[in-house]
Amino acid sequence: MIDEARRQAALEAMNILDTPADERVDRVTRLAQQMFGVPMVSVSLIDRDRQFRKSEIGLGGREAPRKDSFCDYTVRHDAALVVEDASAVELFADNPFVTGDPKLRFYAAQPLRAPGGEPVGTLCILDTAPRSFGEADQALLRDLASWVQLELARDQELGHAALVQHALRPAELPRVPGYTIAAASQAAGRLAGDMYDLVLRDGVLRFTLADAMGKGIGPAMAAVFTRASLATAPGRSVVEAIDEADVLLECLQGDASLFVTAVHADIDTASGAVELVDAGHGLTFVLRADGTFEQLRSTGLPLGMGAAIAEERVATRTVLAPGDMLICCSDGLLDILDEQDPFGQVAETLKVLDPDGAVAEAVRLARLAPAPDDVTVFVIRRDR
Amino acid sequence: MNLSTAVQEHYAVISIEGRFTAAVAPRLREEANDLVAEGRKNIVVDLSAATFIDSSGLGALIGALKTARVAGGDLRIAAAPEHVLSVLRLTNLDRVLRNHPTPDAAFNAG
């Protein structure tokens, strides 16, 4: 018998309970259904007194009681279980799932284990009619279960990576007298391809947005790396910091085919003077107190173009007067705004809502988007 | 997707058909490296039959541009679809990765 407390802890550490359906796991259950021609397939995780089905076909629900379940039996014994005709097996003949709904007769399962080996659930196939299930079938089910196990573990790895990325974002925004600052980031998947930073140092508010094109682990690593590079040695000017990031990132283009664009800028909070370097990002705007929009774009190329292509970087300058707002976003925001009049929509939102409310609205729209992209946005308002 | 190369007198044309994504990106890089190694430093990537280009495709174009420029040549693109042009404009890359209506126009027009 296995140690239930240890098993439960291992399951919880995987962070998969009550998570949405995942196409990578659903693909395996669909395949199992087609290969074995069964009406019901489930990836069941045994959680305290219930089963949580990460994926299921034909069972009509993502939760079921643990008590008396075949999957509980499989997990407790930590071994494959094949019941060709439950009504003919003494142990299961009186089981409520056999005598009552769904009137199970056939059940075959392979335990799913946590990365530490603890049995946390099953991949099981079920039928209301008896079936025979030979050695070859069992080997096939075992292979499919290993696949599911890999996908579940990968999910856990992604979860760890997402936590690290989250920890690298500013835990709290700097408080600057006379300014209101709001920022948020919403990843399309577990990891975001963009990173931001806002730091106050000796009266200068330095902000950074690094956006790696594409989604997933590679772009997330590139974005995190860029932000880290830009945050190092804060005494450098923004142009120097971008120049040095250029050199460090040169290997990314071409070999890894990753693009990173960035904005790196200083606001002198006393005077409102802005010094901004734009590396192919192009999405920084100033909404003046009188309602006019200005795009703060320099003509700089994305990071890491290499000596054969690179050009000298030049900073763009402006001044924030009281009532002016600086808005910086990733291109994911463009996809969710009104195509006809994105600036109008941003201006209107910022007129009705304060910076916090407007940023929250951007996150809300990002969550609703049919084809989600990573969205990062921040707003800095000079109040007085 | 299909990638084919045609060598002209003063330049070579790499034509990409179908989806230009991570699956094809390394092949473009290799093809460009091979051409440059043979001394063919002026390359046009013909995108007229490309249905879709993602960031990996764009990355490969930049990588190949770098290879050509380092060798003293250039890489230009022809007949790029609108969504590619808009990404190039947004990132300021339109200044270094120039689009031309046809492969022929890319080098003959200077």
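**Contacts of an arginine**

Reply: Apart from its neighbours within four places in sequence, A:Arg382 is in contact (heavy atoms within 4.5 Å) with A:Gly178, A:Tyr179, A:Ala270, A:Ser271, A:Gly272, A:Leu320, A:Ala321, A:Pro322, A:Gly323 and A:Asp324. This is a predicted model, in which local features need pLDDT of at least 70 and side-chain atom pairs count only at pLDDT 80 or more, while totals for chains, interfaces and linings use all residues. Residues are numbered from 1 along each chain as its sequence is written, chains are lettered from A and ligands numbered from 1 in the order in which they are written, and side-chain values use heavy atoms, with hydrogens and water left out.

Me: Is A:Arg382 buried or exposed?

Reply: A:Arg382 lies in strand β16 (residues 375-382) of chain A; strands (E, at least two residues) and helices (H or I, at least four) are DSSP runs, numbered from the N terminus. Buried means under 20% relative accessible area and exposed over 50%, with partly exposed in between (1.4 Å probe, protein chains only). The relative accessibility of A:Arg382 is 12%, so the residue counts as buried.

Me: Which residue has the backbone oxygen that the side chain of A:Arg382 reaches at 3.3 Å?

Reply: A:Leu320 is 62 residues from A:Arg382 in sequence and 6.7 Å away in space, C-alpha to C-alpha. The backbone oxygen that the side chain reaches at 3.3 Å belongs to A:Ala270.

Me: Which residue of chain A forms a salt bridge with B:Arg95?

Reply: The contact between the chains takes 25 residues from chain A and 21 residues from chain B. One salt bridge (a side-chain nitrogen of Lys or Arg within 4 Å of a carboxyl oxygen of Asp or Glu) is counted between chain A and chain B. With the closest N and O atoms 2.9 Å apart, the partner of B:Arg95 is A:Glu311.

Technical notes. Polar contact = N/O pair within 3.5 Å; in protein donor to acceptor, adjacent residues only side chain to side chain.
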